[in-house]
Amino acid sequence: MSTIDAPRDSRTRLRAGAGRNAKPAAAEPGREAWTLLFQLLRADREFLVAGWAEFGLTPSQGNLLNFLQPGEPSTMAALARFLGCHDSNVTGLVDRLEARGLVERRNDPADRRVKLVALTETGTTFRAQALARIYDPPPFIVSLSTADRRTLRDILRKAMSARG
């Protein structure tokens, strides 16, 4: 069986170089955890899309606002890297957010050729309200027991700390 034909079940994978009759090996726990987390986030993408839409934002606009920190302007290039898109796409996103009074462009005092994007006072307040909604847990988290939610939180904190 080729890797293309391999089952999508995240709990098993084929041994490297094994033939068609090979028995699946148990997935490495870290790989399985990441696969499950990825699948959960992808499956519940609509939860995030709906959250941003409540504030009249596309997911890209919401992600841009999430990236910007109050009092910390960012370059257009840094925004493009974070969003995984071309600089020209960021220009359109910033144009729309600027038209709503949520962000403003500034000249970089260190390099006049560079444009910075910063949250306005209105944008800072708006961002806080939108993130409060976005950070409401999705149904698959709410359905867990309080003890399981604490355990999940603690494990994710450890993972964030290990990330640096």
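Let's start with one residue. Leaving aside its neighbours within four places in sequence, Arg133 is in contact with Phe47, Ala50, Gly51, Glu54 and Phe55. Arg133 itself sits in helix H6. Keep in mind that this is a predicted model.

Is Arg133 buried or exposed? Its relative accessible area is 17%, below the 20% cut-off, so Arg133 counts as buried.

Now look at one of those contacts again. Arg133 forms a salt bridge with Glu54, and the closest N and O atoms are 3.0 Å apart. That pair links distant parts of the chain: Arg133 is in helix H6, Glu54 is in the loop between helix H2 (45–53) and H3, and 79 residues separate them. The two partners sit in unlike surroundings. Arg133 is buried, whereas Glu54, at 53% relative accessibility, is exposed. As background, side chains of opposite charge can pair when their charged atoms come close.

How many salt bridges are there in the count? The total is 6. Let me pick out some others. Glu104 and Arg106 meet through their side chains, at 2.9 Å from N to O. Glu104 is partly exposed, at 30%. Arg106 is partly exposed too, at 35%. Then take Asp154 and Arg153, whose side chains form a salt bridge at 2.9 Å, N to O. Asp154 has a relative accessible area of 33%, which makes it partly exposed. Arg153, at 38%, is also partly exposed. There is a network as well: salt bridges link Asp95, Glu98 and Arg105.

Next, confidence. The mean pLDDT of the protein chain is 85, and 84% of its residues reach 70 or more. Where is confidence lowest, and where is it highest? The lowest mean is 40, in strand S1 (residues 12–13). The highest is 96, in helix H6 (residues 121–134). So Arg133, buried at 17%, belongs to the helix with the highest mean confidence. At the other end of the scale, pLDDT stays under 50 over residues 1–24. For that stretch the model has 26 contacts beyond four places in sequence.

Now the overall layout. The protein chain has 8 helices and 5 strands. Along the sequence, the pattern reads β-β-α-α-α-β-α-α-β-β-α-α-α. There are 164 residues, and 24% of them count as buried. Take the contacts with a separation of 6 or more: 44% of them join residues 24 or more positions apart. The accessible surface comes to about 11500 Å², with 55% of that belonging to carbon and sulfur atoms.

On to the inside. In soluble globular proteins, nonpolar side chains tend to be buried together. Here the largest nonpolar core has 21 residues, and Leu64, Leu65, Val94 and Val103 touch the most other members. Which elements each supply at least two residues of this core? They are helix H3 (59–67), helix H4 (76–83), helix H5 (87–99), strand S5 (111–119) and H6.

Zoom in on Leu64. Beyond four places in sequence, Leu64 touches Leu79, Leu83, Val90, Leu93, Val94 and Leu97.

Then H4. Its buried residues are Met76, Ala78, Leu79 and Ala80. They pack against H3, strand S3 (74–75), H5, strand S4 (103–108) and S5. Gly84 follows H4, and its phi is positive, near 70°.

Leu79 leads us to Leu68, which it touches. Leu68 is placed in the loop between H3 and S3. At 1% relative accessibility, Leu68 counts as buried. Leu68 and Leu79 are 11 residues apart in sequence, and their C-alpha atoms are 8.4 Å apart. Not counting residues up to four places away, the contacts of Leu68 also include Ser74, Val103, Val117, Leu119 and Arg127.

Last stop, the surface. Trp34, Leu37, Phe38, Leu41 and Leu156 make a nonpolar patch of about 500 Å². Which helix gives the most to it? Helix H1 (residues 29–43) does, with 4 residues. Leu156 lies in helix H8 (residues 146–163). At 37% relative accessibility, Leu156 is partly exposed.

That's the tour. Questions, please.

Key:
Residues are numbered from 1 along each chain as its sequence is written. This is a predicted model: local features need pLDDT of at least 70, side-chain atom pairs count only at pLDDT 80 or more; totals for chains, interfaces and linings use all residues. Side-chain values use heavy atoms; hydrogens and water are left out. pLDDT is the predictor's confidence in each residue, from 0 to 100. Contact means heavy atoms within 4.5 Å. Patches are made of residues with over 30% relative accessible area and no salt bridge: like charges are joined within 9 Å, nonpolar side chains (Val, Leu, Ile, Met, Phe, Trp, Tyr) within 5 Å. Accessible areas come from the Shrake-Rupley method with a 1.4 Å probe; for residues, only the protein chains shown count as cover. A salt bridge is a side-chain nitrogen of Lys or Arg within 4 Å of a carboxyl oxygen of Asp or Glu. Buried means under 20% relative accessible area, exposed over 50%, partly exposed in between (1.4 Å probe, protein chains only). A nonpolar core is a set of buried Ala, Val, Leu, Ile, Met, Phe, Trp, Tyr and Cys residues joined through side-chain atoms within 4.5 Å.
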